[in-house]
Amino acid sequence: MSLADLPAVMVLEEELFAPDTWTAAMYRDELAQTRTRHYLVADDEGAVVGYAGLIAYDDEAHVATIGVTGTRQGEGIGALLLDALLAEADRRRSPVVLLEVRADNERAQELYRRRGFAEIGRRPKYYQPSGTDAVVMKRERP
């Protein structure tokens, strides 16, 4: 992901996560932190159809975000993005990868379970301003 991708990413952010969206300023800040961040987009003939981000520290990594436009969900794009993030976490030798996912997003939770994540807790009213709960999931490096 580059700064040039942000307009398209923000359209998807609004489509997928409103009202709990990140701002363009938040993404600019994330992209500036190149040592600990890894963001990418899924591009189809010049159109951004998905995006994902990883925050990686020495002792753990976090899937910060992952999203695929609604018209392309179910095609495996999200799985490819997640696999790329996990490969980056493994490349950095992160022993643990954590994430939060909306409690009402069973489809995403199933994808994470297929990739070795297990639920380790819940965060009540985590997503704001909607107040939706988050499921916290963890994957240990194989």
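Predicted model: local features only at pLDDT ≥ 70, side-chain atom pairs only at ≥ 80, totals over all residues.

An unreviewed UniProt entry annotates residues 1-142 as "domain: N-acetyltransferase".

Now turn to the open space. Rolling a probe the size of a water molecule over the atoms shows where empty space is left. Here the largest pocket holds about 1000 Å³. Its lining is made up of 34 residues, and those nearest the centre are F17, I66, N105, A108 and Y112. Several elements supply two or more lining residues: helix 1 (6-17), strand 3 (61-68), helix 3 (77-91), strand 4 (96-102), helix 4 (106-114) and strand 5 (118-127). Which of them gives the most to the lining? That is strand 3, with 7 residues.

Next, find R37, which sits in strand 1 (residues 37-44). Is R37 buried or exposed? Its relative accessibility is 12%, and because buried means under 20%, R37 counts as buried. The side chain of R37 makes a polar contact of 2.7 Å with the side chain of T36. Leaving aside residues up to four places away in sequence, R37 also touches E30, L54, I55, Y57 and R92.

The backbone has some features to look at too. Most residues other than glycine have a negative phi, and most peptide bonds are trans. One joins A18 and P19, with omega at about 5 degrees, and P19 belongs to the loop between helix 1 and helix 2 (24-32). Another joins Q128 and P129, where omega is about 15 degrees; P129 is in the loop between strand 5 and strand 6 (132-140).

Positive phi values turn up as well. R93, in the loop between helix 3 and strand 4, has a phi near 60 degrees. With a relative accessible area of 60%, R93 is exposed. K125 has a phi near 55 degrees, but this residue lies in strand 5. K125 counts as exposed too, at 58% relative accessibility.

Definitions and conventions: Residues numbered from 1 in each chain as written. Heavy atoms only, no water. UniProt positions renumbered as here; feature names shortened; annotations may be inferred. 1 Å grid on protein atoms, 1.4 Å probe; cavity = no way out; pocket = protein on both sides within 12 Å on 5 of 7 lines; lining within 4 Å. Points joined across faces, edges and corners; volume = space filled by probe spheres on them. Helix = DSSP H or I, 4+ residues; strand = E, 2+ residues; numbered from the N terminus. Buried < 20%, exposed > 50% of the residue type's maximum accessible area, 1.4 Å probe, protein only. Polar contact = N/O pair within 3.5 Å; in protein donor to acceptor, adjacent residues only side chain to side chain. Contact = heavy atoms within 4.5 Å.
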